[in-house]
Amino acid sequence: GENKTGDLIDNWRIVVDTINSNSYTANWQIKTQTWDLLPPGTSYITVKVFDNALNQAEVTDAFYIRKDTSPPVITDNQTGDDVWRSSNTATYNIDYSDVGSLLDYAQYKIVSGTGGVIVDWYTYASGINSNSYTTNFSLLTSHFNLLPSSYNYVSVKAVDNLGNTEILNNAFYIKKDTVSPIVEDLQEGDT
(Lines give C-alpha, C1' and ligand atoms only; values in the text may rest on other atoms or scores of the structure.)
Protein backbone atom coordinates (compact mmCIF):
# COMPACT_ATOMS: atom_id res chain seq x y z
CA GLY A 1 0.00 0.00 0.00
CA GLU A 2 0.89 3.66 -0.02
CA ASN A 3 3.72 4.81 2.26
CA LYS A 4 4.92 1.23 2.72
CA THR A 5 1.68 0.06 4.28
CA GLY A 6 0.17 -3.31 3.51
CA ASP A 7 2.05 -6.45 2.56
CA LEU A 8 5.61 -6.41 1.25
CA ILE A 9 5.43 -8.12 -2.12
CA ASP A 10 9.06 -8.15 -3.26
CA ASN A 11 11.97 -7.09 -1.06
CA TRP A 12 14.61 -5.02 -2.88
CA ARG A 13 15.53 -6.41 -6.28
CA ILE A 14 18.40 -5.07 -8.38
CA VAL A 15 17.00 -3.77 -11.65
CA VAL A 16 20.03 -1.89 -13.03
CA ASP A 17 23.60 -2.22 -11.81
CA THR A 18 27.13 -1.08 -12.74
CA ILE A 19 25.84 2.32 -13.87
CA ASN A 20 29.14 4.02 -13.01
CA SER A 21 27.82 7.50 -13.82
CA ASN A 22 26.71 10.58 -11.85
CA SER A 23 23.17 10.24 -13.27
CA TYR A 24 20.86 7.66 -14.82
CA THR A 25 17.91 8.68 -17.00
CA ALA A 26 17.21 5.60 -19.12
CA ASN A 27 13.83 3.88 -18.87
CA TRP A 28 13.79 0.57 -17.03
CA GLN A 29 11.29 -2.20 -16.34
CA ILE A 30 10.45 -4.15 -13.26
CA LYS A 31 11.68 -7.72 -13.37
CA THR A 32 9.34 -10.49 -14.52
CA GLN A 33 9.72 -12.11 -11.10
CA THR A 34 8.33 -8.95 -9.48
CA TRP A 35 5.45 -8.66 -11.98
CA ASP A 36 4.47 -12.26 -11.28
CA LEU A 37 4.28 -11.50 -7.54
CA LEU A 38 2.08 -8.41 -7.91
CA PRO A 39 -1.56 -9.03 -6.97
CA PRO A 40 -4.42 -7.59 -9.03
CA GLY A 41 -5.06 -3.94 -8.23
CA THR A 42 -2.68 -1.12 -7.34
CA SER A 43 0.83 -1.72 -6.00
CA TYR A 44 3.13 1.13 -4.93
CA ILE A 45 6.79 0.89 -5.89
CA THR A 46 9.58 2.31 -3.75
CA VAL A 47 13.01 2.72 -5.38
CA LYS A 48 16.46 2.93 -3.88
CA VAL A 49 19.73 3.96 -5.51
CA PHE A 50 23.33 3.48 -4.36
CA ASP A 51 26.47 5.24 -5.43
CA ASN A 52 29.91 3.62 -5.63
CA ALA A 53 30.61 4.56 -2.00
CA LEU A 54 27.38 2.75 -0.98
CA ASN A 55 25.59 5.98 -0.05
CA GLN A 56 21.90 5.53 -0.75
CA ALA A 57 18.74 7.48 -1.45
CA GLU A 58 15.19 6.15 -1.39
CA VAL A 59 11.94 7.43 -2.90
CA THR A 60 8.83 5.94 -1.32
CA ASP A 61 5.95 5.44 -3.75
CA ALA A 62 8.03 6.60 -6.73
CA PHE A 63 5.25 5.20 -8.90
CA TYR A 64 2.46 2.66 -8.79
CA ILE A 65 1.40 -0.22 -11.01
CA ARG A 66 -2.20 -1.13 -11.67
CA LYS A 67 -2.31 -4.79 -12.58
CA ASP A 68 -5.33 -6.29 -14.30
CA THR A 69 -5.00 -9.64 -16.03
CA SER A 70 -8.60 -10.75 -15.54
CA PRO A 71 -11.26 -10.42 -18.25
CA PRO A 72 -14.60 -8.75 -17.60
CA VAL A 73 -17.51 -10.82 -16.29
CA ILE A 74 -20.66 -11.28 -18.37
CA THR A 75 -23.94 -12.02 -16.62
CA ASP A 76 -26.55 -13.42 -18.98
CA ASN A 77 -29.99 -12.41 -17.74
CA GLN A 78 -31.55 -13.13 -21.14
CA THR A 79 -32.36 -16.80 -21.70
CA GLY A 80 -33.92 -16.29 -25.10
CA ASP A 81 -36.46 -14.18 -26.85
CA ASP A 82 -39.35 -16.62 -27.00
CA VAL A 83 -41.71 -14.20 -28.73
CA TRP A 84 -41.82 -14.49 -32.51
CA ARG A 85 -41.00 -10.97 -33.68
CA SER A 86 -41.96 -9.23 -36.90
CA SER A 87 -40.45 -5.90 -35.81
CA ASN A 88 -37.56 -4.70 -33.67
CA THR A 89 -39.37 -4.02 -30.39
CA ALA A 90 -37.36 -6.04 -27.83
CA THR A 91 -34.70 -5.06 -25.31
CA TYR A 92 -32.15 -7.54 -24.02
CA ASN A 93 -30.68 -7.91 -20.53
CA ILE A 94 -26.96 -8.69 -20.42
CA ASP A 95 -24.85 -7.19 -17.61
CA TYR A 96 -21.09 -6.67 -17.51
CA SER A 97 -18.60 -6.03 -14.71
CA ASP A 98 -14.86 -5.52 -14.33
CA VAL A 99 -13.10 -4.82 -11.05
CA GLY A 100 -9.70 -4.06 -12.56
CA SER A 101 -9.14 -1.45 -15.24
CA LEU A 102 -12.92 -0.88 -15.71
CA LEU A 103 -15.09 -1.66 -18.72
CA ASP A 104 -14.34 0.01 -22.05
CA TYR A 105 -17.00 -1.28 -24.47
CA ALA A 106 -19.61 -3.97 -25.17
CA GLN A 107 -20.48 -5.58 -28.50
CA TYR A 108 -22.91 -8.05 -30.01
CA LYS A 109 -22.62 -10.43 -32.95
CA ILE A 110 -25.53 -12.17 -34.68
CA VAL A 111 -25.38 -15.48 -36.55
CA SER A 112 -28.17 -17.34 -38.32
CA GLY A 113 -29.47 -20.72 -37.25
CA THR A 114 -27.12 -22.27 -39.81
CA GLY A 115 -24.11 -20.42 -38.38
CA GLY A 116 -23.61 -17.72 -41.00
CA VAL A 117 -22.52 -14.34 -39.64
CA ILE A 118 -25.24 -11.75 -40.18
CA VAL A 119 -23.77 -8.92 -38.07
CA ASP A 120 -20.12 -9.11 -37.05
CA TRP A 121 -19.03 -7.55 -33.75
CA TYR A 122 -20.97 -4.30 -33.41
CA THR A 123 -20.16 -1.91 -30.54
CA TYR A 124 -23.39 -0.88 -28.84
CA ALA A 125 -21.85 0.66 -25.70
CA SER A 126 -18.50 2.46 -25.71
CA GLY A 127 -16.45 4.61 -23.36
CA ILE A 128 -18.11 2.91 -20.37
CA ASN A 129 -15.18 3.48 -17.96
CA SER A 130 -17.08 1.95 -15.04
CA ASN A 131 -16.87 -1.27 -13.04
CA SER A 132 -20.35 -2.29 -14.24
CA TYR A 133 -22.74 -1.79 -17.13
CA THR A 134 -26.34 -2.91 -16.70
CA THR A 135 -28.24 -0.91 -19.31
CA ASN A 136 -30.48 -3.14 -21.42
CA PHE A 137 -30.00 -2.84 -25.17
CA SER A 138 -31.88 -3.25 -28.43
CA LEU A 139 -30.59 -4.29 -31.81
CA LEU A 140 -30.20 -1.58 -34.39
CA THR A 141 -33.26 -1.70 -36.65
CA SER A 142 -30.94 -2.09 -39.64
CA HIS A 143 -29.46 -5.20 -37.96
CA PHE A 144 -32.89 -6.64 -37.13
CA ASN A 145 -33.92 -6.16 -40.76
CA LEU A 146 -30.99 -8.35 -41.84
CA LEU A 147 -32.20 -11.32 -39.79
CA PRO A 148 -33.85 -14.14 -41.71
CA SER A 149 -37.23 -15.46 -40.55
CA SER A 150 -36.04 -18.16 -38.20
CA TYR A 151 -33.92 -18.51 -35.06
CA ASN A 152 -30.95 -16.12 -34.88
CA TYR A 153 -28.27 -16.32 -32.19
CA VAL A 154 -26.68 -13.35 -30.43
CA SER A 155 -23.21 -13.50 -28.85
CA VAL A 156 -21.87 -10.72 -26.64
CA LYS A 157 -18.40 -9.43 -25.86
CA ALA A 158 -17.04 -7.17 -23.12
CA VAL A 159 -13.63 -5.47 -23.28
CA ASP A 160 -11.95 -3.63 -20.42
CA ASN A 161 -9.64 -0.61 -20.63
CA LEU A 162 -6.56 -2.85 -20.90
CA GLY A 163 -8.02 -4.94 -23.72
CA ASN A 164 -8.89 -7.99 -21.59
CA THR A 165 -11.82 -9.62 -23.39
CA GLU A 166 -14.64 -11.97 -22.49
CA ILE A 167 -17.04 -13.49 -25.04
CA LEU A 168 -20.28 -15.32 -24.37
CA ASN A 169 -21.27 -17.21 -27.49
CA ASN A 170 -24.98 -17.66 -28.19
CA ALA A 171 -26.00 -15.68 -25.11
CA PHE A 172 -29.58 -15.68 -26.36
CA TYR A 173 -31.64 -16.17 -29.51
CA ILE A 174 -34.14 -14.08 -31.42
CA LYS A 175 -37.10 -15.69 -33.19
CA LYS A 176 -38.06 -13.63 -36.23
CA ASP A 177 -41.07 -14.19 -38.46
CA THR A 178 -41.99 -11.65 -41.12
CA VAL A 179 -43.63 -14.11 -43.50
CA SER A 180 -47.43 -13.70 -43.61
CA PRO A 181 -49.53 -16.86 -43.43
CA ILE A 182 -51.05 -18.11 -46.67
CA VAL A 183 -54.68 -19.08 -46.94
CA GLU A 184 -55.50 -21.51 -49.74
CA ASP A 185 -59.11 -22.23 -50.55
CA LEU A 186 -59.33 -25.92 -51.45
CA GLN A 187 -63.13 -26.06 -51.19
CA GLU A 188 -64.76 -26.88 -54.55
CA GLY A 189 -68.19 -25.86 -55.72
CA ASP A 190 -69.21 -23.89 -52.66
CA THR A 191 -69.97 -20.31 -53.45
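A pocket is an open set of points on a 1 Å grid over the protein atoms alone, with protein on both sides within 12 Å along at least five of seven lines, and its lining residues have an atom within 4 Å of a point. Grid points are joined across faces, edges and corners, and a volume is the space filled by probe spheres set on the points. The model examined here is predicted, so that local features need pLDDT of at least 70 and side-chain atom pairs count only at pLDDT 80 or more, whereas totals for chains, interfaces and linings use all residues. Residues are numbered from 1 along each chain as its sequence is written, and side-chain values use heavy atoms, with hydrogens and water left out.

The largest pocket has a volume of about 1,500 Å³. Its lining is made up of 47 residues, of which W12, R13, T46, V47 and K48 are the closest to the centre. Strands and helices are DSSP runs numbered from the N terminus, a strand (E) having at least two residues and a helix (H or I) at least four. The elements that give two or more residues to the lining of this largest pocket are β1 (41-50) and β2 (56-67), and β1 gives the most, with 9 residues. When Ala, Val, Leu, Ile, Met, Phe, Trp, Tyr, Cys and Pro are counted as nonpolar, Asp, Glu, Lys and Arg as charged, and the others, Gly among them, as polar, the lining of the largest pocket has 21 nonpolar, 16 polar and 10 charged residues.

The second largest pocket holds about 250 Å³ of space. It is lined by 14 residues, and K67, D68, V99, G100 and S101 lie nearest its centre. The elements that give two or more residues to the lining of this second largest pocket are β1 and β2, and by class its lining has 4 nonpolar, 6 polar and 4 charged residues.

Strand β1 also contains F50. This residue, F50, is partly exposed, with a relative accessible area of 47%, where partly exposed covers the range between buried (under 20% relative accessible area) and exposed (over 50%), for a 1.4 Å probe and protein chains only. Leaving aside neighbours within four places in sequence, F50 is in contact (heavy atoms within 4.5 Å) with N55 and Q56. From C-alpha to C-alpha, F50 and Y173 are 64 Å apart in space, and they are 123 residues apart in sequence.

Two strands are taken to pair if DSSP finds at least two bridges between them. An open sheet of 5 strands has the order β4-β10-β9-β6-β7, and its pairing is mixed. Because β4 (81-85) and β7 (117-125) stand at the edges, each with a single partner strand, one side of each is left without a neighbour in the sheet. Neighbouring strands of this sheet are turned by 30° against each other on average, direction ignored, the axes being lines fitted to C-alpha atoms (for helices over the stretch in contact) and angles running from 0 to 180 degrees between N-to-C directions.

Within this sheet, strand β9 (residues 150-160) runs antiparallel to strand β10 (residues 165-176), and 9 bridges join them. Among the bridge partners in β10, K176 is that of S150, and K175 is that of Y151. The strands β9 and β10 form a hairpin with 4 residues between them, and G163 in the turn has a positive phi of about 90°. By contrast, β4 runs parallel to β10, to which 2 bridges join it, and the bridge partner of R85 in β10 is K176.

A further open sheet is formed by 3 strands in the order β3-β5-β8, with antiparallel pairing. Here β3 (73-76) and β8 (132-133) stand at the edges, each with a single partner strand, so one side of each is left without a neighbour in the sheet. The antiparallel strands β3 and β5 (residues 94-97) are joined by 4 bridges, and the bridge partner of D76 in β5 is I94.

Most residues other than glycine have a negative phi. K4, although not a glycine, has a positive phi of about 60°, and K4 is found in the segment before α1 (32-37). L102, likewise a residue other than glycine, has a positive phi near 80°; L102 is found in the loop between β5 and β6 (103-112) and is partly exposed, with a relative accessible area of 26%.

Notes:
1 Å grid on protein atoms, 1.4 Å probe; cavity = no way out; pocket = protein on both sides within 12 Å on 5 of 7 lines; lining within 4 Å.
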